Amino acid sequence: MTADKISPDMLRFERILAAPAATVWQYLVDPELRARWFMSGPTDLQVGGAFGLTMDHDRLSDEVVPTPDRYKPYVGHRWHERITRYEPPHLLAFTWEDGKAGEVTFALTEIDSGTTRLVLTHTGLRGSEDALNFGGGWHAHLAVLEKRIAGISIPDFWALHAVAEREMEIALGSEA
């Protein structure tokens, strides 16, 4: 089940995950678990703390797949964002590009002991280009998270990413 809202200034993705909220929370805050679906990095889990990110998307595929040329310059890139809200185990928010590209919020609601609703909202986007770029990325990363939690292999992250980018192009009305 998904309920996605895509616009040039805001993205909202909703996913129902087959895990308790405490498990999903660990995938958000534990750098090693986060590295398996998004990006790792040292993190100071408090409001104002650093949320470390390292782009190592080669770890997202279970098979060896080449990084597309346009993403090769970013491999190994490290930076940190600032945590703006931290309410374990239900809410985590942080800046993107020091706030220049908005804020990302993860909200978790436990539906029952084995199911959690995750809502990712990325506000403050600078237009359609941001929405397309971040939307494709978030959509693909959430697909990986769903599979990791369910114990399903991810043969090729970049194939998922290509599909996600195309879906964002369609959603934004910018079909190529």
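Predicted model: local features only at pLDDT ≥ 70, side-chain atom pairs only at ≥ 80, totals over all residues.
1. The space inside the largest cavity is about 40 Å³. The count of cavities of 30 Å³ or more comes to 1. By class, the lining of the largest cavity holds 4 nonpolar, 2 polar and 2 charged residues.

2. The loop between β3 and β4 holds His 57. Is His 57 buried or exposed? Its relative accessibility is 7%, under the 20% limit, and His 57 therefore counts as buried. Apart from neighbours within four places in sequence, His 57 is in contact with Phe 38, Met 39, His 141, Phe 157 and Trp 158.

3. A contact of His 57, Phe 38. Phe 38 belongs to the loop between α2 (31-35) and β3. Phe 38 is buried because its relative accessible area, 4%, is under 20%. When residues up to four places away in sequence are not counted, Phe 38 touches Leu 53, His 57, Leu 60, Trp 96, Trp 138 and His 141. Phe 38 and Ala 140 are 102 residues apart along the chain, and their C-alpha atoms are separated by 9.2 Å.

4. The nonpolar core. In soluble globular proteins, nonpolar side chains tend to be buried together. In this model the largest nonpolar core has 43 residues. Which residues have the most contacts inside this core? They are Trp 37, Trp 96, Phe 106, Leu 118 and Trp 138. At least two residues of the core come from each of the following elements: β2 (10-17), α1 (21-29), β3 (50-54), β5 (91-95), β6 (103-112), β7 (115-123), α3 (128-150) and α4 (157-171). The element that gives the most to the core is α3, with 8 residues.

5. A core residue, Trp 37. Trp 37 is one of the residues with the most contacts inside the largest nonpolar core. With neighbours within four places in sequence left aside, Trp 37 is in contact with Tyr 27, Leu 28, Leu 60, Phe 106, His 141, Leu 142, Val 144 and Leu 145. Among these partners, Phe 106 is likewise listed with the most contacts inside the core.

6. The open space. The largest pocket contains about 510 Å³ of space. Its lining is made up of 21 residues, and those closest to its centre are Met 55, Trp 79, Trp 96, Asn 133 and Phe 134. Which elements give two or more residues to this lining? They are β4 (78-87), α3 and α4. Helix α3 gives the most to the lining of the largest pocket, with 6 residues. The lining of this pocket divides into 11 nonpolar, 6 polar and 4 charged residues.

7. Backbone details in two loops. Pro 88 and Pro 89 are joined by a cis peptide bond, with omega about -5°. Pro 89 is in the loop between β4 and β5. Glu 97 is not a glycine, yet its phi is positive, at about 55°. Asp 98, also a residue other than glycine, has a positive phi near 55°. Glu 97 is placed in the loop between β5 and β6, and Asp 98 is found in the loop between β5 and β6 as well. Glu 97 is partly exposed because its relative accessible area is 34%, a value between 20% and 50%. Asp 98, at 58%, is over 50% and so counts as exposed.

8. A strand residue, Glu 110. Strand β6 contains Glu 110. Its relative accessibility of 39% lies between 20% and 50%, so Glu 110 counts as partly exposed. Beyond its neighbours within four places in sequence, Glu 110 is in contact with Pro 20, Ala 21, Ala 22, Thr 115 and Thr 116. Glu 110 and Trp 79 are 31 residues apart along the chain, and 31 Å separates their C-alpha atoms.

9. The annotated region. The UniProt record, an unreviewed entry, places the feature "domain: Activator of Hsp90 ATPase homologue 1/2-like C-terminal" at residues 19-148. Over residues 19-148 the chain is 27% helix and 30% strand. The end C-alpha atoms of this stretch are 11 Å apart.

Definitions and conventions: Residues numbered from 1 in each chain as written. Heavy atoms only, no water. UniProt positions renumbered as here; feature names shortened; annotations may be inferred. Helix = DSSP H or I, 4+ residues; strand = E, 2+ residues; numbered from the N terminus. 1 Å grid on protein atoms, 1.4 Å probe; cavity = no way out; pocket = protein on both sides within 12 Å on 5 of 7 lines; lining within 4 Å. Points joined across faces, edges and corners; volume = space filled by probe spheres on them. Nonpolar A, V, L, I, M, F, W, Y, C, P; charged D, E, K, R; others polar. Core = buried A, V, L, I, M, F, W, Y, C linked by side-chain atoms within 4.5 Å. Buried < 20%, exposed > 50% of the residue type's maximum accessible area, 1.4 Å probe, protein only. Contact = heavy atoms within 4.5 Å.
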